[in-house]
Amino acid sequence: MAFLLCLAAPLASAAAAAEDSRTPIYIHRAATGNLEGLKNGIGLTVEACRAAKNLPPGGPVKLPSDEYLRKLQVVESEEYFDKASHAGYNTYRKVAADPASGSCELALFTERHAWAGQECGQATNGGSASMKELLDYENPVVPKVELNTVAASRAGCGKKAKAYDLTGLPAEDAGGARCVWDSDVVAKSMREAGLTAEGHKKDSPAADYCLYERQPIYVYNGHHELVVLKGSGSTQGDVLDGLLGETTAFLNDRLLSMTDGTPIPAERFSAAAVRSFVSQPAKTSLGDRR
């Protein structure tokens, strides 16, 4: 499962010129997993760990409580927008057997990625060890952090912000702000071009993104970026989700909180903030959270 699935950008194309409405915006989204799938996935990691250590199969795995797993934020993201500045801090969590444990005890593992910088200047990109590396039972790795400075593409610099034509499209409450589904925007554009198209379907397995109705549009790393408030994608009958319980989290993040117009500390767009975020512990004890 690619961690960056939860960062996929909307596909709708811009239509009409709009005034610059780029107020400082903070977005906090997260998603939980499929409970039974998460349980299955934990059991699979224990089996893999025991096999790698030549341990006997053992009895049933003592899992964290259902309450703990239901509340576990498998994916979490925080985004900051402030005119030419943008930052994103993304987290992926998994309960699994610990490769460093002689008896394959469970622990909470965390993978983190961050990007912070300016649309026409430099930015810092950072990441911790991947979940695949953290849970490599044959060749366990020491958690590491990678940081690099990237120069933004000039492609988007100086271009006027554009907005979509939302006339006639349904909007819904995302939990504190209204949004319009990207698929509805695409379908409207296709119908206006004489093509047959359907918009958002609640039970569709296709990934969809609900865009902040006010449509402040930002540019970073040379690309137009819209403010996404939540995602959607049905996992009904999805085999992988049944095995691991994570697909539903990557597709269905929800808005936890947001601010629009509240000043954002400049530090959130700094290299130091990226370094601090990705340098947090990759493994923590479950403690009494079972």
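Rings of Phe, Tyr and Trp (its six-membered ring) pair if their centres lie within 6.5 Å. By that rule, Tyr26, Tyr80, Tyr89 and Phe277 are linked into a cluster by ring pairs. Keep in mind that this is a predicted model. The structure holds four aromatic pairs in total. Two of them are the stops below.

**Stop one: Tyr26 and Tyr80.** Select both rings. Their centres are 4.9 Å apart, with 40 degrees between the planes, and the pair is tilted. Now colour by secondary structure. Tyr26 belongs to strand S2 (residues 25-31), and Tyr80 to strand S3 (residues 75-82). The two residues are 54 residues apart, so the pair links distant parts of the chain.

**Stop two: Tyr89 and Phe277.** Select this pair. The arrangement here is edge-to-face: 5.2 Å centre to centre, 70 degrees between the planes. Tyr89 sits in strand S4 (residues 85-97), while Phe277 is in helix H7 (residues 271-278). This pair also links distant parts of the chain, 188 residues apart. Check burial again. Tyr89 is buried at 2% relative accessibility, and Phe277 is buried at 12%.

**Stop three: Arg268.** What lies over the face of Tyr89? Arg268 does, at 4.5 Å from the ring centre.

To finish, select Tyr26, Tyr80, Tyr89 and Phe277 together to view the cluster.

Methods: Residues numbered from 1 in each chain as written. Predicted model: local features only at pLDDT ≥ 70, side-chain atom pairs only at ≥ 80, totals over all residues. Heavy atoms only, no water. Phe/Tyr/Trp six-rings, centres within 6.5 Å; stacked < 30°, edge-to-face > 60°. Helix = DSSP H or I, 4+ residues; strand = E, 2+ residues; numbered from the N terminus. Buried < 20%, exposed > 50% of the residue type's maximum accessible area, 1.4 Å probe, protein only. Lys NZ or Arg CZ within 6 Å of the ring centre and 35° of its normal.
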